[in-house]
Each structure stands twice: as structure tokens, then as C-alpha cells.
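Please keep the model open as you read.

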Amino acid sequence: RVVMGERITFKTNGASTPGYLARPVKPGPGVVVIQEWWGLNDWIRDQADRFARQGYVALAPDLYRGKTIADVLALTVAGASDFFADAFSNPRTPRS
């Protein structure tokens with residue numbers, strides 16, 4: 001695996017949002033790589049790196065703010081329900 005990216009924090013709607021940014025050797029057009037339901041994991045970072053190797057700037061925002069589905073599955077059913085309700089109810093509110 002050739003790593004082209006790095007973990008970053010960027011501002012969205014006044015809040016800090018974690019993510020992964022992969023840049024090509026020469027500047028190019030950008031794409032947003034949206035994570036699957038299990039979070040920003042190695043697979044998604046690999047996809048961003050793959051886009052960067054093809055000449056694209058690739059940003060994968062961490063929609064779960066550092067959590068993965070394994071973290072969510074470790075919660076009770078009520079805790080998981082609350083997590084997803086919070087994650088998608090108000091995207092402008094920073095979550096921990």
C-alpha cells in the first residue's frame with residue numbers, strides 16, 4: 001500500500017471535522033470519498049490513495065468522527081440508535 005494521504009481536520013459550518021486527505025504528485029481535480037456504514041477505515045483510505053495515484057485530490061470526511069461500526073456495535077441497541085440519530089440529525093453540531 002502506497003500511502004498518499006494524511007489525517008486532517010478541516011472546518012465545516014464552523015466546526016472542526018476529521019478526515020483523510022490524499023493528494024496527487026501534481027495538483028488535480030478533487031473528489032469526495034464517502035465512507036461506507038462502517039466508518040472511515042483502511043479500505044476508504046485506500047480508495048482515497050488510489051484516486052490520488054490517478055491524479056485526483058481525494059477527501060474522505062470522517063462522518064462518524066473517529067468511530068467505526070465496531071465501536072457502534074459494541075454499544076447497546078439504544079446507544080447505537082442514539083449514536084446514529086445524533087450523527088445524522090444535525091451535521092452542523094460537532095460530536096465527540
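The protein chain has three helices and four strands, where helices (H or I, at least four residues) and strands (E, at least two) are DSSP runs numbered from the N terminus. Along the sequence they follow the pattern β-β-β-α-β-α-α. This is a predicted model, in which local features need pLDDT of at least 70 and side-chain atom pairs count only at pLDDT 80 or more, while totals for chains, interfaces and linings use all residues. Residues are numbered from 1 along each chain as its sequence is written, and side-chain values use heavy atoms, with hydrogens and water left out.

Of the 96 residues in the protein chain, 32% are buried; buried means under 20% relative accessible area, exposed over 50%, and partly exposed in between (1.4 Å probe, protein chains only). Among contacts (heavy atoms within 4.5 Å) between residues at least 6 apart in sequence, 60% join residues at least 24 apart.

Let us look inside. The largest nonpolar core has nine residues: Y20, A22, V33, L40, I44, A48, A52, A58 and A60. Such a core is a set of buried Ala, Val, Leu, Ile, Met, Phe, Trp, Tyr and Cys residues joined through side-chain atoms within 4.5 Å. Strand 2 (15–22), helix 1 and strand 4 (57–61) each supply at least two residues of this core, and helix 1 gives the largest share, three residues. Not counting residues up to four places away in sequence, A52 touches M4, A22, R23 and P24.

Now for the charges. The structure holds two salt bridges, each being a side-chain nitrogen of Lys or Arg within 4 Å of a carboxyl oxygen of Asp or Glu.

| Salt bridge | Closest N and O atoms |
|---|---|
| E6 with R23 | 3.6 Å |
| R45 with D42 | 2.6 Å |

R45 and D42 both lie in helix 1, three residues apart, about one turn of the helix. R45 counts as buried because its relative accessibility is 10%, whereas D42, at 47%, counts as partly exposed.

What about D62? This residue sits in the loop between strand 4 and helix 2 (69–73). D62 is buried yet has no salt bridge, and the nearest side chain of opposite charge, R7, is 5.4 Å away. Leaving aside neighbours within four places in sequence, D62 is in contact with P18, G19, Q35, L40 and K67.

Methods: Lys and Arg count as positive and Asp and Glu as negative; His and the chain ends are not counted.
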